[in-house]
Amino acid sequence: LVILLLCLCVSGMANAEDGILKKANLKVLDIGNSYTDDATAMLPLIASMSGSDLSDMCLYRAVRGGASFKNWYDRYYDKDNYKYSISKVLGGINAAITTGAGEGTDGSLFREALEKEKWDIIIIHQFSKYAPYYEEWGSTNDGGYLNELLSLIKDKHPQAVIGFLLIHSYWDDYKGNQEKSSFERWKLIANSVKQLCKDYDIGLVIPYGTAVENLRSSSLNNEYDLTRDGTHCGLGLCRYTAACCYYESLIAPRSGISVLGNTARYDETNANSTYPAISVTDQNALTAQKAAVLATNNWYEVNNIED
């Protein structure tokens, strides 16, 4: 399996715009919500332990809790009431934007992020409530506004590659899980992203939700489907897996250094014993890395790493 994975790292499922990932002074903006936090929280640690040269790139994230396409579109026009933040995740260069917290209906930080810097890649994703239901994305309801947000981004950044996060699904028994199955809900999310890629010019997919589902298929899954509250990635190993996939999708093609064999480890403690945290150890890290590599090379299919 390890030999197979090493081959996949070289010859796996390619993004449509792989060349952009090797561009000098690469600038990436990820626009999302707390799932963006989940996917990138452990990315700096993994990247630093990889030996990858990040000196001529940067990754920033714009995060608003529970944000949908519509919420970010409204944010640009000062019509969203929730706080948000813009921060730098990693990289040796800086974007010409202001980082920090944005208050209430003040969309000035977000407008500046879209108007003041020339981004090479802009990544978006849908709010988890609507993520499985692609038929809603093109509507003008709360689960819609995909076209409006894409038009806004393309108007400001016609040169940018549009990326998309394929997010993870809820715990089987979470009250908001209409499918009552993390796997069935993930399938709907994956199929929605698959259809999106057919209908729009999406140049990069980060399928961290598939990586998490791969991990769930292993003996490392727990009774809460590796979540910390029924919805978000569990602290420690699940977040690590998501970040491994993010790294493998964005940074590995640039540096030529796969996440497979990465030595990043993390001791995680959580006072909330209802949803236990799982530390990243020598015993489980490679399984998480395999889950990420397999997902990066096969976005829409779950693989049991232990088979």
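Residues are numbered from 1 along each chain as its sequence is written, and side-chain values use heavy atoms, without hydrogens or water. Because the model is predicted, local features need pLDDT of at least 70 and side-chain atom pairs pLDDT 80 or more, while totals for chains, interfaces and linings use all residues.

Me: Why is the aromatic pair of tyrosine 170 and tyrosine 174 called edge-to-face?

Reply: Rings of Phe, Tyr and Trp (its six-membered ring) pair if their centres lie within 6.5 Å; planes under 30 degrees apart are stacked, over 60 edge-to-face, the rest tilted. Tyrosine 170 and tyrosine 174 have centres 4.9 Å apart and planes at 70°. The structure holds 18 aromatic pairs.

Me: What makes tyrosine 170 buried or exposed?

Reply: Buried means under 20% relative accessible area, exposed over 50%, partly exposed in between (1.4 Å probe, protein chains only). Tyrosine 170 has 6%, so it is buried. Tyrosine 174 has 23%, so it is partly exposed.

Me: How do you know that the charged end of lysine 70 sits over the ring of tyrosine 145?

Reply: The rule asks for NZ of Lys or CZ of Arg within 6 Å of the ring centre and within 35 degrees of the ring normal. The charged end of lysine 70 is 5.3 Å from the centre of the tyrosine 145 ring, and it counts as sitting over that ring. Tyr145 also belongs to an aromatic cluster with Trp72, Tyr73, Tyr76, Tyr77, Tyr84 and Phe110.

Me: Why is the contact between arginine 228 and aspartate 38 called a salt bridge?

Reply: A salt bridge needs a side-chain nitrogen of Lys or Arg within 4 Å of a carboxyl oxygen of Asp or Glu. Arginine 228 and aspartate 38 meet at 2.9 Å, N to O. So the pair qualifies. Arginine 228 lies in the loop between helix 9 (208-216) and helix 10 (237-250), and aspartate 38 in helix 2 (residues 34-40), so the pair ties together parts 190 residues apart in sequence. Helices here are DSSP runs (H or I, at least four residues), numbered from the N terminus.

Me: What is the relative accessibility of aspartate 38?

Reply: Aspartate 38 is at 0%, so it counts as buried. Arginine 228 is at 21%, so it is partly exposed.

Me: What makes lysine 156 and glutamate 115 a salt bridge?

Reply: Their N to O distance is 3.9 Å, so they meet the cut-off. The pair links helix 7 (residues 146-156) and helix 5 (residues 108-115), 41 residues apart.

Note on methods:
Helices (H or I, at least four residues) and strands (E, at least two) are DSSP runs, numbered from the N terminus.
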